[in-house]
Amino acid sequence: MSNPKIALYHDDASGERYEEKAFQKTGVKYEKIGPKEMVLDILEKYDVVFLPGAFPLRTHDKGGFFAFIKFLKRINVIYRSHIMNYLKDGGGVVSVCASVASMGRRMAIPLPIRPLFIGANPLGVFDFHAKYGPKTGVVDLEPVQYKDSPHARKIVSEVLGDYSEDQFSSLYFRGPAITYDAKHDIIHPAIKEGEDRPKEVVVARYVDEDPELKDKGAIVYREYGSGKAISCSVHPEFSTWDLFDSMIDVVARR
Amino acid sequence: MALDMESEFYKLAKDILSKTQNLYKMAAISPNDGRLSLMGAEGFLIVPKRHLERFSRGTEERAYELGFVCGEDTFGGLMNEFDEEIRELPPKKLTELALLMSRQIGWGSFEVVKLNGPSAQVTLKGTTTVELKHRSAKHHSLTCGFLAGVLSRAFGKEMKGTVEEVKKDSVAFVFSGK
């Protein structure tokens, strides 16, 4: 297959510069697309769409409280049908850090800004619940072991690539911790029920000691319609940037 | 969930640079040139201590110049990688990060004795530096140059360093901006 065509979303709150740095290191070619290009006709031109993180407080010319809210609401409301139809038609989406919460079924919104999110439910591409994390720093992750599901094991191996055998570390900027229920389970219910080809698989979990992160999901894979999506709540761009390579390989439209 | 990228980055960088274990978790081999990358900044090499000791025995001007370029490039690499996040950090905070980095990559432990941001005057005390066994001030030129290089990036202007005092277990450096 020739190199997949990659789109990197940006707006006035997005942190796409980190993805750009990673792509520059690995030589990945990409095109930046803005809010006006987030429509199905344009998305269909790309094999993978990257949704980066965002800055909740303004720094220099980027981010800020309202820009951050707008970033999430744009994904949840304005781009909603375009992203979902793009995925259904076989597209690939990789969401990173802040945008991960928009991809799940439920996002825990801090109380003071909750009213601003009325009518802006997350997309529900994934089944997970996402809660923004507590700290900034280096976190340790490990591949999730699936003894009874060969398909889930294969997904873990494909998504994590060289990092599927052992613990690894990543930079972390308060990305969402991922679970499926109040017991903070990270094994998708379909896998528990013994489904042969589960559509959603948590591939990496936090082994960080912080109780808000420990054993919660960090990187999740999902098949949606004919497409595939990966949600990555950490920032691999600073030491494990080649993780993006395996993610691109997995989700790129065939 | 307030997230101010400048102070968040400062906190993050301190967390990484103050713990050797964390710094090396952020190390990777660059796919472009096979050289080491630290926190995404590329182009680092591991140089044996004996190599550095040899540099320090050159003429003092030559040793200072080699150290200066090394300091400028090493801290400059990190500053370039995180340009937007650190653009507004004051020299005092950048100096703190630079000295943590210097320690973690083996240049020695450094303590700020005096720092005046507006007048760009800094006095540092170094321990476990590579030339510590030498009692002559000129033999400390390599580390002096290295520190002048990192401080030049931290202050955004060329800093000139001199060795003020050499003791058995420490050495004092004075730097001032041009």
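H4(B) has 22 residues, so the helix should span 32 Å; its end C-alpha atoms are 31 Å apart, which agrees.

The model is predicted: local features need pLDDT of at least 70, side-chain atom pairs count only at pLDDT 80 or more, and totals for chains, interfaces and linings use all residues. Residues are numbered from 1 along each chain as its sequence is written, while chains are lettered from A and ligands numbered from 1 in the order in which they are written.

Helices (H or I, at least four residues) and strands (E, at least two) are DSSP runs, numbered from the N terminus. A residue is buried if 20 or more other C-beta atoms, placed from the backbone, lie within 10 Å of its own; it is exposed if 12 or fewer do, and partly exposed in between. Buried residues of H4(B) include B:Tyr64, B:Phe68 and B:Phe75. The buried residues of this helix pack against several elements of chain B, among them strand E3 (41-44) and helix H7 (141-155).

Chain A comes to eight helices and 12 strands. Of its 254 residues, 52% are buried. Strand E8 (residues 168-173) of chain A has six of its six residues buried. A:Phe168, A:Ser170 and A:Tyr172 point one way from E8(A), and A:Ser169, A:Leu171 and A:Phe173 the other way. Strand E7 (residues 136-143) of chain A runs antiparallel to E8(A), joined by six bridges; strands pair if DSSP finds at least two bridges between them. A:Val138 stands opposite A:Leu171.

Terms used. Expected span 1.5 Å × (residues − 1). Contact = placed C-beta atoms within 7 Å.
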